[in-house]
Amino acid sequence: MASLTRTATWRALATHRRTWHDRHLRDLFAGDPQRFERYSLEACGLLLDYSKNLIVPETLALLFALARERELPARIRDLLAGKRVNSTEKRAAWHTALRAGHAAPREVRNALAKMRALATALRAGTVHGITGHAIRDVVSLGIGGSALGPALATAACAADAAAPRVHFVTTPGEPLAQLLATLNAETTLFIVQSKSFSTQETLRNARAARAWLNAQFDASDYGAHFAAVTADAEAAHAFGVPPERIFPMWDWVGGRYSLWSAVGLPAMIAMGCDAFDDMLAGAADMDAHFAGAPLEQNMPALLALLGLWHANFFGMATRAVIPYPPALAPLPAYLQQLEMESLGKQVTRSGKLLRCESGTVLWGGTGTDGQHAYFQLLHQGTRPVPVDFIACCTPRAGPGGNDDETHAVMLANCFAQSALLMRGVTAAETEQALLAKGMAAREAARLAPHQALPGDRPSNTLLLPSLTPRSLGTLLALYEHRTFVQSVIWDINAFDQWGVEHGKRLADSLLPEFTATTRGTAHDASTNGLISFSKTHNRRKS
Ligand code: F6P
């Protein structure tokens, strides 16, 4: 594949970018009352308003030409057909097969049936611990992709007080100890979620849970209080999980794409089996759209290309995802792993150094909280940050959902922020407003530059009909495919994470030094120094 930055289309985009200095989004809106109709798209029940991006028709024409040159349609077909798109690990990344309904592979359907059986029994109160009491609390022990997805789905969709309470513990040590202090061992089930069954943090927590159970029951028959989701069934069994409680993972499902697999079990327990099926169906809707829609109307492709335009040609190195529904608070953290593990790469699939920037830093949080914190920088900082705003047209149904007035407040805030980022406020407008309030001309002129907002800051707005399992599935699949499209354009492998793997190995190799009595010299001066200082100043040991 030709080097991306040497292609004629990339160069044409660079030339086109240079024409941008005399354009402002405010003027583009003023000059085109149809801009919303022109630059918005509905798919699978979601509305994407992308009119507030730094685009004119030529921009989009060039971006779609680039996508075609990079053979995006063929690469989408490979992904969805389960081809080995993870080139360094020679595996498929076939997460879409997990939500293919009747067309899913038999092993997937079997795993789902087994999940449903346990989730249904837990929700019916018919799963008992070794003393015969029904399980009331389920604790998921997992980290990264083995926690972020189910934790998000549980936060967004669990509305059922009758279900067992579902807890997520990721980091080892204190969080688990604090949670256990509130739980009853007789009514608690732990699900060890680890594809590899070797992740240090998860195994430490699993051992701590096992020790807690042993201490409470004075027995070693703790198996009734464990389940596991893993690709290493042998290791889980050796740990003490009964075989009938071990749920499979497959090497063709990456951790950050695994919510749809048995990794979703805690979410299924919390939201119910039908709701989990709806979430899978929502994701499958987006898969079908991604497979079939022409590029110009393909929502994941469009989002990916717009993101790339701002990142590569305007140097916008971070991007923010701002959901307004409070139940989507964990979404930015989930997307952080999805995008930054997938796109944080510096070489092409053939191992050549990239000649352009790849993955951007993703951050964010709920809108109303952000407005009272970091939005100041979004409006007036010197580094423009593209934003994805996410909101729902209908408040959440049932108890706990917003009343109509609160819902309107949320939407008003959301739409106000994106409008302000787009249009800004000129110094002249500010000055006029101050004068109209009776301020002296000199003082108004002095304050005007402080109160002016540059505008011209890009954002997308995604509107969900309402936050349901189905719309959540659609939204997450949208971001998965957005990620894949960017990897195709940059020609990087979105499905490995060697940086993380190296970090895990180095941490394992440092560990013995904390118990060694001799001063370590095996590492660089900084690492040796930090280990030594932290040991000397460990007050518990001195
Ligand atoms: O954080 C890195 C990572 O490898 C993720 O990709 C994965 O989701 C997570 O660790 C947990 O790994 P495992 O499921 O094997 O415990």
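Q: Which residues does Pro 465 touch, leaving out those up to four places away in sequence?
A: In this predicted model, Pro 465 touches Gly 45, Leu 46, Cys 392, Cys 393, Thr 394 and Ser 471, not counting residues up to four places away in sequence. A touch here means heavy atoms within 4.5 Å. Pro 465 itself sits in the loop between β11 and α20.

Q: Why is Pro 465 called partly exposed?
A: Its relative accessibility is 38%. Buried would need a value under 20% and exposed one over 50%, so a residue in between is partly exposed. Pro 465 therefore counts as partly exposed.

Q: What makes Ser 471 buried?
A: Ser 471 has a relative accessibility of 6%. The cut-off for buried is under 20%, so Ser 471 counts as buried. You will find Ser 471 in helix α20, which covers residues 469-490. Beyond four places in sequence, Ser 471 touches Leu 464, Pro 465 and Ser 466.

Q: How do you know that the side chain of Ser 471 makes a polar contact with the backbone nitrogen of Thr 468?
A: A polar atom of the Ser 471 side chain lies 3.0 Å from that nitrogen. A polar contact is a pair of N or O atoms within 3.5 Å, with one able to donate a hydrogen and the other to accept it. The Ser 471 and Thr 468 pair, at 3.0 Å, falls inside that limit.

Q: What makes the largest cavity a cavity, and how much space lies in it?
A: A cavity is a set of points where a 1.4 Å probe fits but cannot get out. About 160 Å³ of space lies in the largest cavity. Counting those of 30 Å³ or more gives five cavities.

Q: Which residues and elements line the largest cavity?
A: The lining has 20 residues, with Leu 306, Gly 307, Arg 319, Pro 386 and Arg 482 lying nearest the centre. At least two residues each come from α13 (299-314), β8 (318-323), β10 (387-392), β11 (459-464) and α20. The largest share, six residues, belongs to α13. By type, the lining holds nine nonpolar, eight polar and three charged residues.

Q: What makes the largest pocket a pocket, and how much space lies in it?
A: A pocket is an open set of points with protein on both sides within 12 Å along at least five of seven lines. The largest pocket holds about 780 Å³ of space. Two or more residues of its lining come from each of α9 (200-217), α14 (331-343) and α21 (498-510). With seven residues, α21 gives the most.

Q: How many residues line the largest pocket, and which lie nearest its centre?
A: There are 35 lining residues, and Ser 196, Thr 199, Gln 497, Glu 501 and Lys 504 lie nearest the centre. The lining divides into 16 polar, eleven charged and eight nonpolar residues.

Q: Why is Phe 197 called buried?
A: Phe 197 has 7% relative accessibility, and buried means under 20%, so Phe 197 counts as buried. Phe 197 lies in the loop between β5 (188-193) and α9. Its phi is near 50°, a positive value in a residue other than glycine.

Q: Where is Asp 456 found?
A: Asp 456 is in the loop between α19 (441-451) and β11. Asp 456 is not a glycine, yet its phi is positive, at about 65°.

Q: What makes Lys 535 partly exposed?
A: Lys 535 has a relative accessible area of 26%. Lys 535 belongs to helix α22, residues 525-536. Leaving aside neighbours within four places in sequence, Lys 535 is in contact with Glu 513, Phe 514, Ala 516 and Thr 518.

Technical notes: Residues numbered from 1 in each chain as written. Predicted model: local features only at pLDDT ≥ 70, side-chain atom pairs only at ≥ 80, totals over all residues. Heavy atoms only, no water. Helix = DSSP H or I, 4+ residues; strand = E, 2+ residues; numbered from the N terminus. Buried < 20%, exposed > 50% of the residue type's maximum accessible area, 1.4 Å probe, protein only. 1 Å grid on protein atoms, 1.4 Å probe; cavity = no way out; pocket = protein on both sides within 12 Å on 5 of 7 lines; lining within 4 Å. Points joined across faces, edges and corners; volume = space filled by probe spheres on them. Nonpolar A, V, L, I, M, F, W, Y, C, P; charged D, E, K, R; others polar.
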